[in-house]
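Biologist: Please show me the model, and then let us discuss its packing by question and answer.

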Amino acid sequence: MKLFKLTQLIFLFFYLPNLVFAQKTTVKADKSIVSGIPFTNIGPSIMSGRVVDLDVNPEMPSEFYVAYASGGLWYTHNNGTSFEPVMDSAPTITIGDIAVDWKNHIIWVGTGENNSSRSSYAGKGIFKSTDKGKTWEFAGLPKSQHIGRIILNPNNKEEVIIGVAGNLYTPNNERGIYKTTDGGATWKKTLFIDNTTGIIDVAVVPDSTNILYAAAWQKDRKAWNFNGNGLQSGIYKSTDSGESWKKITTSSSGFPTGEGVGRIGLAVVDSQTLYAVHDNQFRRPKEKKDKADGLNKEDFKKMTVKEFLALDNKNLDTFLKKNNFQEKYRAENIKQLVRADSLAPVALATYLEDANSLLFDTPVIGAEVYKSTDAGKTWKKMNKEYIDDVFNSYGYYFAQIRVSPSNPDRIYIMGVPILTSDNGGVSFTSISKENVHADHHALWINPKNPNHLINGNDGGVNISYDNGEHWLKANQPAVGQFYSITVDNQKPYHVYGGLQDNGVWTAPVTVKQDFDWHQSGEYPWKSIMGGDGMQVQVDSRDASIVYTGYQFGNYYRIDRKTGKQTYIQPKHELGKTPYRFNWQTPILLSPHNQDILYMGANKLMRSMNKGTDWTEISSDLTNGGKKGNVAYGTITTISESPFTFGLLYTGSDDGLIQVSKDAGASWKIITSSLPRNLWISRVVASAHQKSRVYASLNGYRNDDFTPYIYKSEDYGTTWQKITNGITNSPVNVIKEDPVNPNILYAGTDDHTYVSMDQGASWQPFSKNLPNVAIHDLVIHPEAGDIILGTHGRSIYKADVKALQLLDDNILAKEVHIFPTDSIKHNKDWGNSWSKWLEAETPSLDVQGYFKSPGKAKVVITNKKGVKLYSFNVEAVYGINQFKYDLSVSEEGRKVLLAENKELDIEKKKNDKYYLPKGAYQIEISRDKQNSKEKFTIY
């Protein structure tokens with residue numbers, strides 16, 4: 001027993017049942033049949049992804065770590081000129097906070113993002129590295145899920161204090177403050193408030209490890225509602241190095257108390273002085289309206305019919321046009337409806353109240369700055385006016401404050417945008433600039449140069465040397481947070497995807513991840529839409545026609561040739577309940593007619609003319625929604641069978657899958673035998689069997705991490721669970737291979753999987769992939785590529801053509817080589833315009849199957865079978881992909897010249913000979929077993 005640390009025992013206690021089960025059912029990654037198929041990251045990087053923390057070497061500020069919410073930990077030693085990932089070997093790369101002991105070279109990572117957004121992934125506890133991230137050890141708190149803050153004792157490397165935010169969606173008792181004095185071997189809970197109140201921030205008095213402050217945050221997030229405030233929210237203080245705590249924000253302290261207290265951020269100056277930024281969720285007092293402001297939607301909520309009919313038509317029309325009412329709704333015809341008792345004035349207000357408007361219209365007090373000069377006994381509100389347009393009604397996503405180490409009156413608060421004050425928060429100015437993303441979460445201030453700032457935001461990292469007057473962008477890592485992904489049929493085909501808070505981007509699949517574009521100024525990835533980028537559909541007849549948009553169903557038809565964007569969101573009729581659109585509203589172009597577009601609200605909408613006009617083809621396909629401040633009771637996924645027009649499936653966020661076999665004339669619920677109330681993340685009508693359908697369910701919003709995938713062979717009448725081999729992680733996507741009916745692909749919050757037997761068993765598909773969330777995936781039917789849209793590491797590509805060809809005959813062989821693509825000859829192979837530069841090097845992908853791992857030989861021959869070149873490879877079990885650079889040996893060159901003396905096979909600048917145009921053969925052999933395949937250089 002002495003061999004085990006207590007943390008290891010705790011880890012075994014919580015995870016051993018899952019690990020034992022996994023050993024029975026889960027294929028290890030290196031035993032998977034696809035362990036030799038590599039994924040390649042194709043970007044993009046410039047728009048980056050959400051940063052949650054930074055830790056900078058105070059003695060050498062060009063060296064620092066950046067923690068991305070779902071993209072892992074990255075290290076730079078050259079001021080952001082380049083980065084390398086240092087946590088990809090860990091079980092998860094979602095991060096809440098980091099802390100670095102620079103003196104002892106120890107990195108502490110609290111996994112599980114501390115922001116409570118729609119895609120803030122749960123972690124797996126605390127991890128620690130003592131070798132700059134080369135290796136990681138589990139350091140406890142396996143059920144913490146989301147980490148608020150880590151505080152290190154600079155005088156004792158074994159002493160650490162952790163603020164645990166806890167579960168995102170459900171109550172749990174692991175919230176609070178934990179302390180270790182033995183480097184994470186054991187932990188002591190020193191503050192627990194209740195099972196809905198966690199610790200979102202902890203701050204220590206500089207040069208004193210005894211005095212600490214902690215921000216407690218009570219919140220209740222559901223799929224349909226988020227209450228980011230509560231009675232238990234407040235500030236606690238410890239004077240004994242975190243051993244005990246006392247709440248100091250009492251009713252007499254001057255700091256807000258009560259139900260409206262939201263998220264709090266802390267910044268400590270010295271033993272007496274500290275700041276707090278507060279997301280105040282109490283409502284603002286109603287302001288008297290200036291008549292010159294014109295009409296607004298609140299006016300209609302209590303307006304009588306008489307008052308409405310007396311309105312000036314010109315003023316009413318101004319209101320209608322300003323708020324994008326349909327053209328058919330103008331002052332006189334609306335008054336006619338009111339006169340006829342067909343409409344009440346309040347209908348004009350409810351017409352506008354969708355989820356997006358409610359997000360911004362809630363009249364909360366919002367961001368506030370408080371200061372204490374007596375060690376937290378009393379507090380003074382510093383801002384005299386409202387700090388508008390910083391938190392809006394979603395301060396739960398921000399509430400971070402920093403104070404300059406050299407000027408106690410200079411503070412920074414982070415939201416939308418980043419603000420600074422030189423008078424302790426009385427007044428503010430923005431230091432956001434045109435090359436800086438709007439949403440801010442992290443800031444480091446150089447203690448030796450207060451004008452040197454490093455900022456982390458939803459768009460990556462920015463660096464300033466003049467206190468925010470100008471910023472550099474340090475976005476080399478490909479850490480984009482994709483929600484969705486699709487491809488078109490151009491040659492080469494293009495990839496499209498929508499990202500969290502970074503719009504919709506596209507690029508050809510051949511895009512290279514290099515810096516050539518710095519010379520041309522043409523970044524190969526192009527932005528085609530702003531906001532939170534959502535789903536994309538591309539007209540298969542004309543790839544310049546793209547359908548996409550941003551959150552809550554705000555979609556457009558884009559003509560990329562002309563640049564015209566046409567808004568196409570369906571509008572409900574005045575007087576009827578507004579449609580409910582999911583944050584990630586699904587759209588689908590019919591495979592039978594590319595003029596037909598489907599869009600899911602709470603009802604399924606269909607347009608026969610590219611989104612210009614819409615028709616409801618269903619009643620409400622959900623359970624009807626729930627009262628709350630988040631759109632709920634919405635369609636999340638749509639599928640139409642390629643066999644029959646109008647064979648439709650929908651899935652909802654509240655657990656319903658429905659089928660229509662008559663183009664929407666009638667619908668049937670087909671989920672009565674499935675787990676209830678789970679988010680339907682995907683429903684897929686099979687392209688190989690008309691009656692077959694697949695579905696994935698997601699319990700993430702219930703803190704349920706069980707994988708749920710089902711298959712039906714009878715239109716959903718009965719279902720079979722098909723998750724054998726998938727580890728404990730919510731499933732985001734299930735897709736069918738377009739070529740091989742036996743192959744399925746799945747993406748979870750941690751991994752990618754492949755099934756060779758229609759889901760009866762699954763194997764990891766993970767070479768070169770970190771443990772990152774896969775939100776979407778697509779298989780290009782002609783190119784044979786799988787494209788992954790990850791939520792944290794941008795987009796990956798792999799070649800699955802060999803996988804699609806696997807059958808029993810191939811599996812029975814010891815070795816098999818798959819067909820190899822032809823390649824175009826280039827006279828510049830092996831050359832460069834300067835001997836000091838790297839030569840142009842060709843690469844031919846060679847794919848082979850091996851029944852067992854071991855060494856093998858690859859031989860290149862001419863048409864007659866005479867050897868021209870050979871090399872050895874170390875093969876793994878299953879499909880392997882090797883790179884052949886098309887070079888030829890000296891002896892091979894002689895063979896070719898003997899056949900044709902007119903060939904030009906001269907030694908290149910890199911001292912290699914290359915194959916000329918012609919037909920060749922490639923052979924893989926092992927232990928007298930071999931397989932051959934032809935290829936051509938044209």
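Modeller: A nonpolar core is a set of buried Ala, Val, Leu, Ile, Met, Phe, Trp, Tyr and Cys residues joined through side-chain atoms within 4.5 Å; buried means under 20% relative accessible area, exposed over 50%, and partly exposed in between (1.4 Å probe, protein chains only). This is a predicted model, in which local features need pLDDT of at least 70 and side-chain atom pairs count only at pLDDT 80 or more, while totals for chains, interfaces and linings use all residues. Residues are numbered from 1 along each chain as its sequence is written, and side-chain values use heavy atoms, with hydrogens and water left out.

Biologist: How are helix 3 and helix 4 oriented to each other?

Modeller: Helix 3 (residues 313-322) and helix 4 (residues 331-339) pack with axes 9 Å apart, at an angle of about 100 degrees. Axes are lines fitted to C-alpha atoms, for helices over the stretch in contact, and angles run from 0 to 180 degrees between N-to-C directions. Angles under 35 degrees count as roughly parallel, over 145 as roughly antiparallel, 65 to 115 as roughly perpendicular and the rest as oblique. Helix 3 and helix 4 are therefore roughly perpendicular.

Biologist: Which residues of helix 4 make the contact with helix 3?

Modeller: Contact means heavy atoms within 4.5 Å. Helix 3 contributes Asn-313, Leu-316, Asp-317 and Leu-320, and the partners from helix 4 are Ala-331, Glu-332, Ile-334 and Lys-335.

Biologist: Within what arc do the buried residues of helix 4 fall?

Modeller: The buried residues in helix 4 are Ala-331, Ile-334, Lys-335 and Val-338. Their cover includes helix 2 (305-309), helix 3 and helix 5 (347-350). The arc is that of the directions from the helix axis to the C-beta atoms. The buried residues line one face of helix 4, because they fall within an arc of 100 degrees.

Biologist: Is Ser-672 buried or exposed?

Modeller: Ser-672 lies in the loop between strand 47 (668-669) and strand 48 (679-685). Its relative accessible area is 61%, so Ser-672 is exposed.

How values were computed. Helix = DSSP H or I, 4+ residues; strand = E, 2+ residues; numbered from the N terminus.
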